[in-house]
Amino acid sequence: MLDDARRALQATFGFAAFRGVQETVVGRVLRGQSSLAVMPTGAGKSLTYQLPAVMRPGTCVVVSPLIALMHDQLRSATANGIRAAALTSVDTNRAETIARLRDGDLDLLYVAPERASQPQFHDLLANAPISLFAIDEAHCVSEWGHDFRPDYRLLRPLLDGLPHVPRLALTATADGHTRADILMQLGIPDDGLIVAGFDRPNIRYHITPRDNPAQQLRRLLADHPGPGIVYAQTRAQVERLTETLATTGRAVRPYHAGLDADVRAAHQAAFVASEDMVMVATIAFGMGIDKPDVRFVAHAGLPKSIEAYYQETGRAGRDGDPAVAVMLWGAEDFARARLRLNEMEEARLPGERARLNALAGLVETAGCRRALLRRHFGEDAPATCGNCDNCLSPPNVTDTTELARKLLSAIYRTGQS
Ligand code: ADP
Ligand code: MG
């Protein structure tokens with residue numbers, strides 16, 4: 001069976017071998033077993049459902065949270081000769097897609113969770129040969145995840161309506177709580193959990209207080225001539241930093257949801273093609289972008305969570321060459337995050353508090369950043385990595401500024417959890 005899979009891998013994608021746990025995941029799908037695959041960004045999650053979709057008769061239904069993501073996937077699948085379509089508000093060939101689905105003439109059907117959870121869609125699938133349910137960005141199903149989407153919660157009846165169709169949930173980032181929740185919500189057995197390694201050894205982590213961000217970022221650009229991403233927290237900050245960093249002479253483009261879709265698309269295309277461009281962006285930028293040679297990812301402020309930090313920094317160095325991840329943080333970031341907690345519904349507070357405290361732990365540790373990150377995701381890790389700021393120049397913990405810094409962040413830790 002896996003020989004067939006290897007042949008199909010070569011024939012459809014032109015790849016010589018599976019990477020990491022891909023083989024395990026594909027093997028399970030082909031045996032009809034349901035799984036949750038937790039694989040880092042860039043590990044090749046799409047292939048784990050696209051390949052079985054090609055190999056098995058019938059259609060693999062892919063639930064995906066963003067139309068833009070779906071269309072990216074659709075383009076690359078079609079380019080590989082895979083028969084794929086999407087059912088969304090912007091796809092006008094609806095009747096044709098439905099006919100192809102019924103005739104078993106589609107390998108992949110992409111659909112948003114809002115549509116997938118509607119009874120009409122259930123009816124549609126009842127009369128079509130379905131081979132697999134793939135639930136992409138599956139952390140969206142969990143309130144513990146960093147990007148909860150209520151519509152993901154409504155998928156269960158669709159899955160249960162076709163109990164013999166295997167389920168494959170996919171995510172890059174899910175801590176223990178989130179994993180357990182995904183398994184439960186989607187009805188996947190506990191032994192279906194497959195976790196790939198989280199270490200990104202070629203990324204050097206550097207986390208430092210923000211004293212003069214313009215100067216700190218200019219310095220970063222000067223030291224790193226290759227393509228890079230600077231994450232800012234607001235649209236206004238994106239615009240300001242774009243102007244500031246353009247004075248270095250580097251090509252710098254802004255990206256945020258306030259820009260017209262065609263402007264965003266143009267900036268994204270320019271960045272993907274460029275060998276030296278800096279994209280200053282809100283977190284709206286990056287999901288699903290395939291650019292292997294990003295040399296640095298900078299956070300101009302505190303990210304939302306360790307999961308978000310890992311996912312965003314994970315866009316650096318996908319080609320395996322050295323890359324850096326720099327986070328500039330300020331005590332006011334923690335203060336603002338804490339204020340946001342006050343506006344949150346009661347049910348979400350424990351999760352959000354734990355998230356913020358984990359982030360504070362990462363920021364203030366005098367130990368290895370990589371070890372902390374890997375352990376956060378449930379992996380064993382050696383105490384030192386030799387490729388993060390704290391391992392390369394161990395902080396002097398009796399140093400008074402260091403002490404002040406730790407006290408300051410301790411103040412902004414929240415709750416007791
Ligand atoms: P993810 O969704 O896990 O972030 P993708 O599915 O977008 O990752 O894949 C990332 C990149 O890795 C894509 O360019 C894909 O073509 C490539 N890739 C996936 N599997 C393999 C493989 N077995 N060998 C070589 N390249 C692969
Ligand atoms: Mg993906």
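Two strands count as paired here if DSSP finds at least two bridges between them. I start my notebook with that rule, since the sheet comes up soon. I also note that this is a predicted model.

**Entry: the whole chain**

I looked up the overall make-up. The protein chain holds 18 helices and 13 strands. Of its 417 residues, 41% are buried. I then checked contacts between residues at least 6 apart in sequence, and 75% of them join residues at least 24 apart.

**Entry: the sheet**

In what order do the 7 strands of the open sheet run? I read S3-S4-S2-S5-S6-S1-S7, with parallel pairing. Strand S3 (84-87) and strand S7 (193-195) are the edges, each pairing on one side only. From one strand to the next the twist averages 20 degrees.

I picked one pair to follow. Strand S1 (residues 35-38) pairs with strand S6 (residues 167-171) in the parallel sense, over 4 bridges. Ala37 has Leu170 in S6 as its bridge partner.

Next I looked for helices on the sheet. Helix H2 (residues 22-30) packs on it and touches S1, strand S5 (130-135), S6 and S7. The direction of H2 makes about 165 degrees with that of S1. Helix H5 (residues 94-102) packs on the sheet too, touching strand S2 (59-63), S3 and strand S4 (108-111). For H5 the angle is about 125 degrees, taken against the direction of S3.

**Entry: the cores**

A reminder to myself: in soluble globular proteins, nonpolar side chains tend to be buried together. In this chain the largest nonpolar core has 58 residues. Val62, Leu108, Leu109, Ala134, Ile135, Leu168 and Ala169 have the most contacts inside it. I took a look at Leu109 and left out residues up to four places away in sequence; it touches Thr59, Val61, Val62, Ala85, Leu87 and Leu101. There is also a second, separate core of 49 residues, with Val252, Met327, Phe334 and Phe377 included.

**Entry: Asp105**

I found Asp105 in the loop between H5 and S4. Why does Asp105 count as partly exposed? Because 14 other C-beta atoms lie within 10 Å of Asp105, and the buried class takes 20 or more, the exposed class 12 or fewer. Beyond its neighbours within four places in sequence, Asp105 is in contact with Arg83 and Arg100. I also checked Pro57, which is 48 residues from Asp105 in sequence and 9.1 Å away in space, C-alpha to C-alpha.

I moved on to strand S10 (residues 252-255). Val252 and Pro254 point one way, Arg253 and Tyr255 point the other way, and all are buried. S10 runs parallel to strand S11 (residues 278-281), joined by 4 bridges.

Arg264 sits in helix H12 (residues 261-273). Is Arg264 buried or exposed? It is buried, because 20 other C-beta atoms lie within 10 Å. Leaving aside residues up to four places away in sequence, Arg264 touches Tyr255 and Leu259. Arg264 and Arg253 are 11 residues apart in sequence, and C-alpha to C-alpha they are 9.5 Å apart in space.

**Entry: ligand 1**

Last, I looked around ligand 1. The shell has 13 residues, and Phe15, Arg19, Gly44, Lys45 and Ser46 come nearest. Which helix gives the most to this shell? Helix H3 (residues 45-55) does, with 3 residues. By type I read 5 nonpolar, 5 polar and 3 charged.

Definitions and conventions: Residues are numbered from 1 along each chain as its sequence is written. Chains are lettered from A and ligands numbered from 1 in the order in which they are written. This is a predicted model: local features need pLDDT of at least 70, side-chain atom pairs count only at pLDDT 80 or more; totals for chains, interfaces and linings use all residues. A residue is near a molecule or strand if its C-beta atom, placed from the backbone, lies within 6 Å of it. Helices (H or I, at least four residues) and strands (E, at least two) are DSSP runs, numbered from the N terminus. Ala, Val, Leu, Ile, Met, Phe, Trp, Tyr, Cys and Pro count as nonpolar, Asp, Glu, Lys and Arg as charged, and the others, Gly among them, as polar. Two residues are in contact if their C-beta atoms, placed from the backbone, lie within 7 Å. Axes are lines fitted to C-alpha atoms, for helices over the stretch in contact, and angles run from 0 to 180 degrees between N-to-C directions. A nonpolar core is a set of buried Ala, Val, Leu, Ile, Met, Phe, Trp, Tyr and Cys residues joined through C-beta atoms within 7 Å.
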